[in-house]
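Me: I would like to go through one structure and ask what stands behind each label. Please set the value beside the definition each time.

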Amino acid sequence: IQKARSGLFEESISSNVSKKRLETFFEKTDKGYKISKMIRDLCLFSKHDVTSDPPFAKIDLISCRNVLIYFTAALQRRVLPIFHYALRPEGFLWLGQAENPGEFSKSFSIIDKKQKIYLKSNLSTPLKFNFPSKPSNATPEQVGKPQAASSKFDFEAAADELILSKYAPPSVVVNSEMEVLQFRGQTFPFLVPIVGKPSLNLLKMVRADLLAGLRRALQTAKVQNKFSARKGLFFDANGKTISVDIEIAPMNPKAPLKDRTYLIMFKQNGEIRSLLKDGARKLKGKRTAAGEGLRMRGLIAELSELKDFQQSLIDQYEASQEELIAANEELQSTNEEFLSANEEIETSKEELQSTNEELITVNDELQARNINLTTLSSDLNNLLASVEIPVLIVGSDYKIRIFSPKAKSAFNLIPGDVGRPISDIKSNFNIDLDVLVGEVLETLTSKEIEVQDQKGIWYRIQIRP
């Protein structure tokens, strides 16, 4: 951590970091490159043990790559809920290629399967805070002092809590997938734990007699995105028939459907002994007409709920069927477009193949010409190197193109003079070469003169187009 705080890197990072980035974010020192103070002030380095220290909160990204593979299963079950708690809503968890959330897969939704990037879901964090407390730095005198005015009894909050616990109906908060996010109040006997593997799915925990009414109310709340209620539902518990009203309210109706949460309230109307009278100990086998009638009304109401729910399912099925038919027609139309596009691609492919063959032919011709040009260039160089006469070739732009070895001493040339104007050359002859070359280029007739060099040797100079 001290090394990270110093932000000092070796000079070899220049091979991986661009020059512009080095100039912008680094400072050159004798030991290498040092991160600029502007960047170091943005970073917080802290020693933190994810297995024992209390977690940070509202983190945007947790990068924990190739760490969990070294943890035991028990340690992974402890760490992953901590990550879920530490991330802010819609925060990201980045794991290694061989890692996954395991049994906490519902707490994270996959964003990039290849890169193992996960998004925090809106489920409640399955975390138990059992972190060891650190010793206090307070002195004995401070411990013995009475609390400051800030710890004054908050009677308003206590009153609100008492009213909610005593008079507010039992309720739960669920997400769009019916996973329970929070329990509020005593939800038993409306909700009971299921046998077997634990689950927080509301539809698995609710009483079977209430399932049809609850489904119907949920469907209404989801589709219409408004308050929904089902009244006069009955269920049996401990030999009693209990009447209950279920009310459902969307908590964030403006959010997308998959991100919505719902508050579901259970309002108990009372307990009714449906099978026996108060004096049933003496008449155990005799049922009252009132109880039977109440029971019958409950069954009829439940049957009506089931019929309504069945009709809603039929309506949904028909709507889905129509959507599937429309989608199928769109797919057929798209398929025809793909077939047409495929034919065009096939035609383009044939044209490309034809063009490719022409390019191959042209390439072969160019290669043959290149071989000929290479041969001619080699012959010309050999000729110039073997001839005992100074030869100088000048282009129509009055620039030197090539010259023979003998021309070096006669015209005072070096290899770097190729491409230079002939007027820049100071030869050993007392003549104006660029004027003579200009006359030949203008008349396209050969010119021949006799001149004497600085050593007194006579030469015959021929200039030909």
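Predicted model: local features only at pLDDT ≥ 70, side-chain atom pairs only at ≥ 80, totals over all residues.

Me: How many helices and strands does the protein chain have, and what makes a run count as one?
Reply: The protein chain has 11 helices and 16 strands. Both are DSSP runs numbered from the N terminus: a helix is H or I over at least four residues, and a strand is E over at least two. Strand β6, for example, covers residues 108-112.

Me: Why is E350 called exposed?
Reply: Exposed means over 50% relative accessible area, buried means under 20%, and partly exposed is in between (1.4 Å probe, protein chains only). E350 has 54%, so it counts as exposed. E350 sits in helix α9, which covers residues 289-386.

Me: What share of the protein chain is buried?
Reply: Of the 465 residues in the protein chain, 26% are buried. The accessible surface of the chain is about 33,200 Å², and carbon and sulfur atoms hold 55% of that. Such areas come from the Shrake-Rupley method with a 1.4 Å probe, and for residues only the protein chains shown count as cover.

Me: Why are K231 and E247 said to form a salt bridge?
Reply: A salt bridge is a side-chain nitrogen of Lys or Arg within 4 Å of a carboxyl oxygen of Asp or Glu. The closest N and O atoms of K231 and E247 are 3.8 Å apart, so the pair meets the cut-off. K231 lies in strand β10 (residues 228-237) and E247 in strand β11 (residues 240-250), so the bridge ties together parts that are 16 residues apart in sequence. K231 is exposed at 56%, whereas E247 is buried at 9%. K231 and E247 also belong to a network of salt bridges with K267.

Me: Why can such side chains pair at all?
Reply: Side chains of opposite charge can pair when their charged atoms come close.

Me: How many salt bridges are there in the whole structure?
Reply: A search of the whole structure finds 11. Among them, D417 and R420 meet at 2.7 Å, N to O; D417 is buried at 3% and R420 is partly exposed at 33%. Another of them joins K447 and E439 at 3.3 Å. K447 is partly exposed at 29%, and so is E439 at 33%.

Me: What makes L61, F92 and I111 a nonpolar surface patch?
Reply: Patches are made of residues with over 30% relative accessible area and no salt bridge; nonpolar side chains (Val, Leu, Ile, Met, Phe, Trp, Tyr) are joined within 5 Å, and like charges within 9 Å. L61, F92 and I111 make a patch of about 270 Å². I111, in strand β6, has a relative accessible area of 48% and is therefore partly exposed.

Me: Which residues gather in the patch of negative charge?
Reply: They are E343, E344, E346, E350 and E351. Asp and Glu count as negative and Lys and Arg as positive, with His and the chain ends not counted. The place of a charge is taken as NZ of Lys, CZ of Arg, CG of Asp or CD of Glu.

Me: Which residues is R464 in contact with, leaving aside its neighbours within four places in sequence?
Reply: Contact means heavy atoms within 4.5 Å. On that basis, R464 is in contact with V440 and S446. R464 is found in the segment after β16 (458-463), and at 61% relative accessibility it counts as exposed.

Me: Which residues of helix α11 are buried, and what covers them?
Reply: In helix α11 (residues 433-443), the buried residues are L433, L436, V437, G438 and V440. Their cover includes α10 (405-411), β15 (447-452) and β16. Just after α11, L444 takes a positive phi of about 55°.

Conventions:
Residues numbered from 1 in each chain as written. Heavy atoms only, no water.
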